[in-house]
Amino acid sequence: MKKALHRVLALVQAAGLDRALMRLAKLPLLRNYILTNCWEKRTYHSFAEQYHQWQRIFAQADIRISGKHILEIGAGGCGGVGYFFLREGATRWLSTDQYQDPQTNQRLRKNEARLRAELRQQTPSFESLVQPEFRCFDAAKLQNDLEGKFDLLVSSAFFEHVQGEAVSRIITNMARYLKPGGLMFHEIDLRDHLNVANPHHFLKYTETQWRRLTENSIFYTNRLRSQDFKEAFVGAGLKLVHLDETQVPLPKDLPVVEEFRRYRPADLQTTVLIAILQKP
Ligand SMILES: C[S@@+](CC[C@H](N)C(=O)[O-])C[C@H]1O[C@@H](n2cnc3c(N)ncnc32)[C@H](O)[C@@H]1O
């Protein structure tokens, strides 16, 4: 099903109709409607898969979860993967998000109830486990009461969605939530979200064109490249302790616009960046 959708989207892109699709997605209120009612439902299995993937990376980087206080930024309105880490022995999991609020969004509440029902079946001691907490806030606004409270901060598919100008401020805030020596883990999806199977297509648009086509729509991503994020993390005084970059070659006939030509080819080719950083 996904493959067929990607093929249709590739045809749409090849025919130059992607602009029309992006303009359609900008219709007033459509973004909110999609985010509230149609966004892909996360299931027990998708969270379990994410948990196992992160667990493997944490094991490679020698990160232990037991007893840890963990903060998730841009969680998507659900305790999600947090339930699995609490089951593994973490002692606190705080999920946060600016827009997706399970207190006001019934659909998110229903999703979480389904996840909890499945977890209850799989885990006899579920009710006696610590439960994830949730809080709604903009990651660009410092939350004073969270300063220095966490051993580990995590985010996935979050950083590419924030306004480019806010990235440094968000990283500085994140660092303040960590205890000295604390770690942060980020998985950043650098692909064109219109069609992730054609991940570099959006490099053909200038920044002005891109903003006009996608601002305030579900297709907006800041298009910062791997190098920008690495520089921003190091610039905030964090030490890079683990790096994993998935790379996909650029199509030879893609007309990459001038503003992306200053990047090294390897940085343009990175489609997913996984970085673990340490606060001194
Ligand atoms: C693509 S979703 C990813 C959700 C989840 N992490 C996942 O992997 O499924 C990106 C999330 O980031 C949130 N977000 C975007 N900008 C934010 C900000 N400035 N502060 C906090 N959350 C933000 C959005 O509301 C959205 O739920």
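How many bridges join strand β1 to strand β4? Three bridges link β1 (residues 69–73) with β4 (residues 150–156), and the two strands run parallel. This is a predicted model, in which local features need pLDDT of at least 70 and side-chain atom pairs count only at pLDDT 80 or more, while totals for chains, interfaces and linings use all residues. Residues are numbered from 1 along each chain as its sequence is written. Helices (H or I, at least four residues) and strands (E, at least two) are DSSP runs, numbered from the N terminus.

**The sheet**
- Seven strands form an open sheet with mixed pairing, in the order β3-β2-β1-β4-β5-β7-β6; two strands pair if DSSP finds at least two bridges between them.
- Strands β3 (133–136) and β6 (239–247) are at the edges with a single partner strand each, so one side of each has no neighbour in the sheet.
- From one strand to the next, the twist averages 15°; axes are lines fitted to C-alpha atoms, for helices over the stretch in contact, and angles run from 0 to 180 degrees between N-to-C directions.
- L71 has L153 in β4 as its bridge partner.

**Helices on the sheet**
- Helix α5 (residues 81–88) lies across β1 and β2 (92–97), at about 170° to β2.
- Helix α9 (residues 226–235) touches β5 (178–189), β6 and β7 (270–278), and its direction makes about 10° with that of β7; contact means C-beta atoms, placed from the backbone, within 7 Å.

**After helix α1**
- Just after α1, G16 takes a positive phi of about 75°.

Terms used: Two residues are in contact if their C-beta atoms, placed from the backbone, lie within 7 Å.
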